[in-house]
Amino acid sequence: MSVILPAYLPAYEELRKEGILLPGKARGGRKLKIGLLNLMPLKQMAEIDYLRLLSYSPLDIELTLVSPATHRSRNTSAEHIATYYVTPQEALEKGLDGMIVTGAPVEKIDFEQVDYWPELTGLFAELRNRRIPTLYICWGALAGLYYHHAVPKQIFTRKISGVYPHRIVNQSYMLRGMDDKFYVPHSRYSGVDREDVTKAVGLRLIAESDQSGVYMAESEDFPAVYVTGHSEYSPLTLDFEYHRDMAKGINPEIPSNYYPDDDPDKEPMVLWRSHAHLLFSNWLNQL
């Protein structure tokens, strides 16, 4: 397959170093137009994480990078965003077959206090009205659940950080080919209550974890899937976050089920790679 991206995107070179080739030219015929609303603080790192998974799809994909017009990133240069990103409205005008909404570092803030919340909810409404399949991830999932189904967010007393086992609650096309127990990285200070999800009208719980709680749910009346974990994380993303927080003096807990013998000096174990590939392939194939 091919992933068609804005020309000269730096992620090309980083993925090439990993042996992942993105020719950037479609083979002809139908291609999927996917928008990536990238709300992560380190946008270039997130670009690589998502492209790594999208590149393994057998489908041709035209990827549009999207950033809110009403927000100025503190961690990614304005030049990078101006060069490679479009606004949500511009993305909709291009026509989309699907949208991915990432996490964001604002989970301790009330949704309505997020500076781009009005623009974000306007996009959510358009995605729903146009029935554009949307994959909401981490904070994006919490925001989508709150907006579409009035599921409140809960702030935790400690950060959920690690790679946790999950189980299937209800079958879904999103879980085709997955084992009865599968592992997913989580890195968040907030989540949703299981009872709130199961009581919400038009919402179906798909998968959960005893340690990290609700993992996946889907809307029954329009094509939206909510995933609270970070299956797209690279092998070293949790390691990066752990040492970053240590340097800040936060004194974080060692990520669960991540380092052999819980020793941060040892190379992390990757337990989620197959789940990540199946998750994104299932979503893309359904489009």
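**Salt bridges, cores and a pocket**

Reader: Which residue forms a salt bridge with arginine 52?

Author: Happy to start there, keeping in mind that this is a predicted model. The closest N and O atoms of the pair are 3.1 Å apart, and both residues are buried. The partner of arginine 52 is aspartate 49.

Reader: Lysine 31 meets glutamate 62 in a salt bridge; how many residues apart are they?

Author: Their side chains meet at 3.9 Å, N to O. Lysine 31 sits in the loop between helix 1 and strand 2, while glutamate 62 belongs to strand 3. The pair therefore links distant parts of the chain, and the separation is 31 residues.

Reader: Which helix gives the most to the lining of the largest pocket?

Author: That pocket has a volume of about 900 Å³. Among the 38 residues lining the pocket, Arg244 is one of the closest to its centre. Helix 2, strand 8 and helix 8 each supply at least two lining residues. With 5 residues, the top contributor is helix 8.

Reader: How many residues does the largest nonpolar core have?

Author: Ile100 is among those with the most contacts inside this core, along with Leu63 and Phe280. Beyond its sequence neighbours within four places, isoleucine 100 touches residues including Leu135 and Trp283. The size of the core is 42 residues.

How values were computed
Residues are numbered from 1 along each chain as its sequence is written. This is a predicted model: local features need pLDDT of at least 70, side-chain atom pairs count only at pLDDT 80 or more; totals for chains, interfaces and linings use all residues. Side-chain values use heavy atoms; hydrogens and water are left out. A nonpolar core is a set of buried Ala, Val, Leu, Ile, Met, Phe, Trp, Tyr and Cys residues joined through side-chain atoms within 4.5 Å. Buried means under 20% relative accessible area, exposed over 50%, partly exposed in between (1.4 Å probe, protein chains only). Contact means heavy atoms within 4.5 Å. On a 1 Å grid over the protein atoms alone, a cavity is a set of points where a 1.4 Å probe fits but cannot get out, and a pocket is an open set with protein on both sides within 12 Å along at least five of seven lines; lining residues have an atom within 4 Å of a point. Grid points are joined across faces, edges and corners, and a volume is the space filled by probe spheres set on the points. Helices (H or I, at least four residues) and strands (E, at least two) are DSSP runs, numbered from the N terminus. A salt bridge is a side-chain nitrogen of Lys or Arg within 4 Å of a carboxyl oxygen of Asp or Glu.
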